[in-house]
Amino acid sequence: TAAAGPGCGTPAGMMRPDDANIAGNVHGGTVLKMIEEAGAIISTRHCNSQAGERCVAVLARVERTDFLSPMCIGEVANVSAEITYTSKHSVEVQVTVLSENILTGAKKVTNKATLWYVPLSLKNVNKVVEVPAMQYARKEQEDEGRKRYEEQKLDRLETKQRNGDVIVPMVGPEPHTVGYSQSSLIHLVGPSDCTLLGFVHGGVTMKLMDEVAGIVAARHCKTNIVTASVDAINFHEKIKKGSVITISGRMTFTSNKSMEIEVFVDADPFVDEPQERYRAVSAFFTYVSLSKEGKPLPVPQLLVESEEEKRRFEEGKGRYLQTKAKRQAQLQQAAQP
């Protein structure tokens, strides 16, 4: 596992065949799980750095993360994590993943991610513990961090409000329709999936979400597919050990070269006090289709049928154009002397 301290990193291990797809590209979910482990370690360490109530930091949100280049079987993942902002009850962690070819020594950045953690008391899992304040090198760092904190807080609220959707199975769907590729996976939460508090690790959930999104993309394209990016992932509710979780995915939008897939996780708690099913996590994954040589392939156009599917397609198109415009602005900024 990846150990992390302020601004430090460690190899997370060599990528094995069971970490990758049939083309040898490491699953996006495997990378997300490594990122989350590094973030959980550094934030839990920071939150217990002063005398007081012992706690475990749990994942509340992952900001949009891009998969900059594929990692392959045999490469070593180097994960480094750094705390960049603390509020009274949350910690912002920035994680970088480097892949290293140990035969040639070549290294490349594969991921950069920003995660938000909340410390929960070991004695009372419903109690959020105060976070020790961090020291900033410059006043601007604190101001920028506070701005990011307020933005993610607002986005979490908006996402929670639109979380009533369910995926209904279709009978005899046509190829390239939403119903044709939509997929679900059911998982019983066991002890190995959980933190010291008995709740699911955020990294375990993200790995399962990526798996479902990958199935949706593969069904739609019938080619080799890889994770290109993940929009912000919001963890709305904790998932307890012994719960049965249903991870559902459906395609919402396609451009010429990419596919957007909406994934959500619903939990059915059966142990202790049974309660109604609830929405625990939601996110949008973007996938691309690759040839055997690893070159991007055109994506078949998604055929939308109902008004609801048309609405989701337009919303997805809006997110796609917004991301494209941001990327172009960043490239222009980088090109300026």
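**Residues, sites and a pocket**

User: At what distance does the side chain of Q152 reach the backbone oxygen of Y149?
Analyst: This is a predicted model: local features need pLDDT of at least 70, side-chain atom pairs count only at pLDDT 80 or more, and totals for chains, interfaces and linings use all residues. Residues are numbered from 1 along each chain as its sequence is written, and side-chain values use heavy atoms, with hydrogens and water left out. A polar contact is a pair of N or O atoms within 3.5 Å, where within protein one must be able to donate a hydrogen and the other to accept it, and residues adjacent in sequence count only if both atoms are side-chain atoms. From the side chain of Q152 to the backbone oxygen of Y149 the value is 3.2 Å.

User: Is Q152 buried or exposed?
Analyst: Q152 lies in helix α2, helices (H or I, at least four residues) and strands (E, at least two) being DSSP runs numbered from the N terminus. Contact means heavy atoms within 4.5 Å, and beyond four places in sequence Q152 is in contact with R61, E63 and W116. The classes are buried under 20% relative accessible area, exposed over 50% and partly exposed in between, with a 1.4 Å probe and protein chains only. The relative accessible area of Q152 is 6%, so Q152 is buried.

User: At which residues does UniProt place the feature "active site"?
Analyst: UniProt positions are in the numbering used here, feature names are shortened, and annotations may be inferred rather than shown by experiment. The entry is unreviewed, and its "active site" residues are N21 and D210.

User: What is the largest C-alpha distance between them?
Analyst: The two residues spread over 190 residues of sequence.

User: Which backbone nitrogen lies 3.0 Å from a polar atom of the side chain of N21?
Analyst: N21 sits in the loop between β1 (8–14) and α1 (28–47) and counts as buried because its relative accessibility is 17%. Apart from neighbours within four places in sequence, its contacts are H27, N224, I225 and V226. The backbone nitrogen in question belongs to A23.

User: How far is the backbone nitrogen of G29 from a polar atom of the side chain of D210?
Analyst: D210 is in helix α4 (residues 202–221) and is buried, at 4% relative accessible area. Beyond four places in sequence, D210 contacts H27, G28, G29, T227, F285 and Y287. For the backbone nitrogen of G29 and the D210 side chain, the distance is 2.8 Å.

User: What is the relative accessible area of F285?
Analyst: F285, one of the residues in contact with D210, is placed in strand β12 (residues 278–290). F285 is buried because its relative accessible area is 0%.

User: How much space lies in the second largest pocket?
Analyst: On a 1 Å grid over the protein atoms alone, a pocket is an open set of points with protein on both sides within 12 Å along at least five of seven lines, and lining residues have an atom within 4 Å of a point. Grid points are joined across faces, edges and corners, and a volume is the space filled by probe spheres set on the points. For the second largest pocket the volume is about 1,100 Å³.

User: Which residues lining the second largest pocket are the closest to its centre?
Analyst: Elements that each supply at least two residues of this lining include β2 (55–62), β6 (107–121) and α2 (139–161). By class there are 24 nonpolar, 14 polar and 10 charged residues, where Ala, Val, Leu, Ile, Met, Phe, Trp, Tyr, Cys and Pro count as nonpolar, Asp, Glu, Lys and Arg as charged, and the others, Gly among them, as polar. Of the 48 lining residues, the closest to the centre are V58, L59, A60, L120 and K238.

User: How far apart in space are L59 and G29, C-alpha to C-alpha?
Analyst: L59 lies in strand β2 and is buried, with 9% relative accessible area. Its contacts beyond four places in sequence include E36, W116 and F235. L59 and G29 are 30 residues apart in sequence, and their C-alpha separation is 15 Å.

User: Is K222 buried or exposed?
Analyst: K222 lies in the loop between α4 and β8 (224–230), and its phi is near 60°, a positive value in a residue other than glycine. Because its relative accessible area is 60%, K222 is exposed.

How values were computed. 1 Å grid on protein atoms, 1.4 Å probe; cavity = no way out; pocket = protein on both sides within 12 Å on 5 of 7 lines; lining within 4 Å.
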